[in-house]
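Thanks, everyone. Let me put the model up, and then I will walk through it chain by chain.

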Amino acid sequence: MPPEPVRDARELGVIHDIGYRHYDGPRLGRAYIRRSLYADSAKGAYGLGRAARTKVMPMLLFAAMCVPTLVIVVVASVTGGDELPVGYTTYLVQLQVVVAVFVAAQAPVSVSRDLRFGIMPLYFSRPMRPVDYVQARYAALATAVFLLLAAPLTILFAGALLAEMPVGEHLPDYLRALVYAVLLAVVLAGLGLVLAAFTPRRGLGVAAIVAVLLVLSGVQTAAQAIAVEQGADTAAGYTGLVSPFSLVDGVTRELVGTDSPLPAGPPGAVGTLVFTAVTALVVLACYGVLLRRYRRVTGA
Amino acid sequence: MNATVARLTARSLLGRRRALLLLLLPAVLLALSGVARALAGTEEDLAVGLLGGFALGTLVPLLGLIAGTGAIGPEIDDGSIVYVLAKPLDRHSIVVTKLLVAVAVVTALGAVPTFAAGVLLTGTAGTLAVAFGLAAAVAGIAYCALFVLLAVVTRNAVVVGLLYALVWETLIGQFVPGAQALSIQQWALAIADEVVGSRAGQLGVTSAVGLPAGVVLLLAVTLGATWYAGRRLRTIRLTSEV
């Protein structure tokens with residue numbers, strides 16, 4: 001029996017030749033594995049393709065995000081006028097607790113179990129590399145969080161159109177809020193996955209993520225309130241750096257002009273630059289930390 | 001009460017990462033209070049906002065959640081609870097022991113720092129600090145009892161607990177006032193309200209429920225949850241679940 005050519009085996013796919021039938025068909029390779037893992041984890045974040053029990057929590061949170069918008073839309077269409085009672089981005093910031101709980105509940109589903117049950121070597125015995133795993137998981141969770149944020153926005157927008165509010169005013173607002181949703185999803189997914197990747201124990205990761213997100217948000221609110229009361233406008237603006245929700249809010253309100261419920265945004269052009277730089281740094285740092293984390297798992 | 005169970009629980013609760021998380025919360029509260037005091041001086045409105053919103057509204061529920069579910073959840077999860085259950089111990093006493101350890105942790109890391117933050121923010125160990133310290137202690141006990149029960153009943157105790165403590169009590173309570181009648185936070189606030197006395201309304205230390213209702217509900221939830229957790233532990237199923 002001639003040995004398998006080992007030249008591209010790692011790149012294309014591993015089929016162990018144990019002496020039965022040969023396989024000469026197409027090999028789907030790393031890109032295919034990455035796509036599969038991405039699709040599987042994005043669906044898994046909503047429990048799709050998994051047991052009914054796992055669908056309950058994400059669907060409940062999804063409903064918690066969407067149901068209030070239905071009420072808002074109905075009220076707005078009855079009372080009439082050109083404006084929704086709540087701004088698009090403002091709505092997301094007000095429901096940040098639900099978003100935080102979703103990230104906290106689903107980030108550990110994505111990565112903690114693989115670590116807890118020690119099956120990372122199984123992933124990496126395939127052509128997949130740590131980079132692929134991190135990219136697929138990260139992109140999938142970001143997609144899932146984005147859908148959670150975009151769904152209520154879309155309902156609000158559709159409701160505004162059905163209530164015959166001016167499209168010219170609502171379409172730009174809706175698109176701006178979607179930019180906020182994209183950025184927030186990427187930042188939150190990064191933070192959630194980093195924390196989850198270091199807390200394999202069931203429950204602990206959930207608590208850690210939600211504690212960090214809510215404490216940051218609480219600190220930000222309190223610090224900003226103090227600074228506004230003291231008349232320190234610049235300081236009040238920079239307190240937005242503390243929480244991911246206000247950080248991304250600061251970026252989008254200055255760069256694309258989203259509505260914002262916060263009393264102070266980044267002060268001036270320098271502030272905008274700082275907020276944007278910090279956002280980019282957070283995302284890159286999360287990605288880097290995840291890569292490092294999984295380099296070590298392969299070594300072990 | 002059983003000393004060995006208590007020791008084991010304390011050790012697992014104060015394991016490295018969990019302890020880090022548990023310590024982070026009071027540290028943030030005290031740091032925030034220190035900064036607020038340095039910048040804004042002793043302002044009672046600010047103190048009520050921080051103690052009510054951050055300490056009682058976020059810190060104590062989270063501590064109760066981490067300590068309450070952490071006291072028994074991991075053991076059920078990895079199956080090592082059988083070694084405790086196989087001993088000739090009353091299941092109720094196991095639950096009570098674990099609950100007491102969790103309550104001790106939440107009191108030390110939640111109620112005491114809340115009191116300290118109150119002293120820091122108001123400048124004196126006056127009624128505000130005492131009121132919120134007491135409310136935090138009482139709420140901590142009720143949260144622990146509830147979350148120990150959740151950990152016995154479901155594998156997703158932390159997420160379910162979060163939904164209750166944050167989404168129900170905080171978010172839905174904001175928009176639907178009726179939801180506040182079923183909120184440990186509000187019941188504890190009723191006690192703070194009573195301690196502060198006649199100035200409570202002016203300071204904004206008000207609760208959605210009266211004192212008798214609050215105390216009765218707190219007692220009912222704490223005792224009921226503890227008893228039912230013990231009962232559920234008698235017939236617990238140890239199936240592994242993914």
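UniProt, in an unreviewed entry, gives "transmembrane region" for residues 50-73, 94-116, 128-150, 157-176 and 209-230 of chain B. A caution on that record: positions are in the numbering used here, feature names are shortened, and annotations may be inferred rather than shown by experiment.

Some housekeeping. This is a predicted model, where local features need pLDDT of at least 70, side-chain atom pairs count only at pLDDT 80 or more, and totals for chains, interfaces and linings use all residues. Residues are numbered from 1 along each chain as its sequence is written, with chains lettered from A and ligands numbered from 1 in the order in which they are written.

Now two of those spans. Residues 94-116 of chain B are 100% helix and 0% strand, with end C-alpha atoms 32 Å apart. Residues 157-176 of chain B are 95% helix and 0% strand, and there the ends are 25 Å apart. Helices here are DSSP runs of H or I, at least four residues; strands are runs of E, at least two; both are numbered from the N terminus.

What about the radius of gyration? For 242 residues, a compact globule would come near 18 Å, and chain B has 18 Å, so the two agree. That radius is taken over C-alpha atoms, and the globule rule is 2.2 Å times the number of residues to the power 0.38.

Burial next. In chain B, 52% of the 242 residues count as buried. Buried means 20 or more other C-beta atoms within 10 Å of the residue's own; exposed means 12 or fewer; partly exposed is in between; C-beta atoms are placed from the backbone.

On to chain A. Chain A has 12 helices and zero strands. Its C-alpha trace spans about 80 × 45 × 35 Å along the principal axes. Of its 300 residues, 46% count as buried. For chain A the unreviewed UniProt entry places "transmembrane region" at six spans, including 174-198 and 205-227. Residues 174-198 of chain A are 96% helix and 0% strand, with the end C-alpha atoms 36 Å apart. Residues 205-227 of chain A are 100% helix and 0% strand, and the ends are 33 Å apart.

One residue to look at: A:Val274, in helix α12 (residues 268-299) of chain A.

How do the chains meet? The contact takes 30 residues from chain B and 25 from chain A. Contact means C-beta atoms, placed from the backbone, within 7 Å. On the chain B side, α2 (16-40), α3 (44-78) and α7 (157-175) each supply at least two residues. The largest share, 11 residues, comes from α3(B).

Last, the core. The largest nonpolar core holds 179 residues, and A:Val101, A:Val145 and B:Val148 touch the most other members. Helix α6 (residues 127-153) of chain B gives the most to this core, with 21 residues. A nonpolar core is a set of buried Ala, Val, Leu, Ile, Met, Phe, Trp, Tyr and Cys residues joined through C-beta atoms within 7 Å. Leaving aside neighbours within four places in sequence, A:Val145 contacts A:Phe102, A:Val103, A:Ala185, A:Leu188 and A:Ala189.

Key:
Contact = placed C-beta atoms within 7 Å.
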